[in-house]
Amino acid sequence: YWLGDDIILMLDSHKAIDKDISLPSYMDGMQLEILDKTESVECTQVSITDSKLRYVASDYGYLVLRLFR
């Protein structure tokens with residue numbers, strides 16, 4: 001959801017995952033800040049490029065991100 005000019009994004013997985021997640025092109029070049037996450041979740045990319053976000057979780061869990069310019 002939008003929070004002013006920022007975007008709050010929550011990802012939730014119910015199993016292990018290692019995936020590039022496609023995002024809208026207007027999110028290209030945005031910076032990421034991890035607001036909250038499950039210990040088993042890892043975000044291995046510090047910015048979004050080519051409309052993709054790298055998302056890795058070794059088990060079920062969630063990741064809450066703030067995307068900003």
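Modeller: Throughout, helices (H or I, at least four residues) and strands (E, at least two) are DSSP runs, numbered from the N terminus. This is a predicted model, in which local features need pLDDT of at least 70 and side-chain atom pairs count only at pLDDT 80 or more, while totals for chains, interfaces and linings use all residues. Residues are numbered from 1 along each chain as its sequence is written, and side-chain values use heavy atoms, with hydrogens and water left out.

Colleague: Does Ser40 count as buried or exposed?

Modeller: Ser40 is found in the loop between β4 and β5 (41–42), and, with contact meaning heavy atoms within 4.5 Å, Ser40 touches Val56, Ala57, Ser58, Asp59 and Tyr60, not counting residues up to four places away in sequence. Buried means under 20% relative accessible area, exposed over 50%, and partly exposed in between (1.4 Å probe, protein chains only). Because its relative accessibility is 19%, Ser40 counts as buried.

Colleague: How many Å apart in space are Glu39 and Asp6, C-alpha to C-alpha?

Modeller: Glu39 also has its place in the loop between β4 and β5, where, at 75% relative accessibility, Glu39 counts as exposed. Glu39 and Asp6 are 33 residues apart in sequence, and in space their C-alpha atoms are separated by 24 Å.

Colleague: Which are the edge strands of the open sheet?

Modeller: Strands of a sheet pair through backbone hydrogen bonds, either parallel or antiparallel, and a pair requires that DSSP finds at least two bridges between the strands. Here an open sheet of 4 strands, with antiparallel pairing, has the order β1-β2-β7-β4. Two of these strands pair on one side only, and these edge strands are β1 and β4.

Colleague: Which residue in β7 does Ile34 stand opposite?

Modeller: β4 and β7 pair over 6 bridges, in the antiparallel sense. Across to β7, the residue that Ile34 stands opposite is Leu65.

Colleague: How many Å apart in space are Met10 and Tyr62, C-alpha to C-alpha?

Modeller: Met10 has its place in strand β2, and is exposed, with a relative accessible area of 52%. Not counting residues up to four places away in sequence, Met10 touches Tyr62, Leu63 and Val64. Although Met10 and Tyr62 are 52 residues apart in sequence, the C-alpha to C-alpha separation is 7.0 Å.

Colleague: Which residues make up the uncovered face of β6?

Modeller: β6 runs antiparallel to β3, joined by 6 bridges, with Asp18 opposite Val56 in β6, and β6 runs antiparallel to β5 as well, joined by 2 bridges, with Ala57 as the bridge partner of Val41. In a regular strand the side chains alternate between the two faces of the sheet. In β6 the covered face holds Leu53, Tyr55 and Ala57, and the uncovered one holds Lys52, Arg54 and Val56.

Colleague: Which elements give two or more residues to the largest nonpolar core?

Modeller: A nonpolar core is a set of buried Ala, Val, Leu, Ile, Met, Phe, Trp, Tyr and Cys residues joined through side-chain atoms within 4.5 Å. The largest one has 17 residues, of which Leu53 and Leu67 touch the most other members. The elements giving two or more residues to this core are β2 (6–13), β6 (52–57) and β7 (61–68).

Colleague: What is phi of Ser51 near, in degrees?

Modeller: Most residues other than glycine have a negative phi. Asp50, in the loop between β5 and β6, has a positive phi near 55 degrees, and is exposed, with a relative accessible area of 67%. Ser51 lies in the loop between β5 and β6, but is buried at 16%. Its phi is also a positive value, near 60 degrees.

Colleague: How many residues apart are Trp2 and Tyr26?

Modeller: Rings of Phe, Tyr and Trp (its six-membered ring) pair if their centres lie within 6.5 Å, with planes under 30 degrees apart counted as stacked, over 60 as edge-to-face and the rest as tilted. The count by this rule is 1 aromatic pair. The rings of Trp2 and Tyr26 have centres 6.0 Å apart and planes at 20 degrees, so this pair is stacked. The pair links distant parts of the chain, Trp2 being in strand β1 (residues 2–3) and Tyr26 in the loop between β3 (17–22) and β4 (31–37), a separation of 24 residues.
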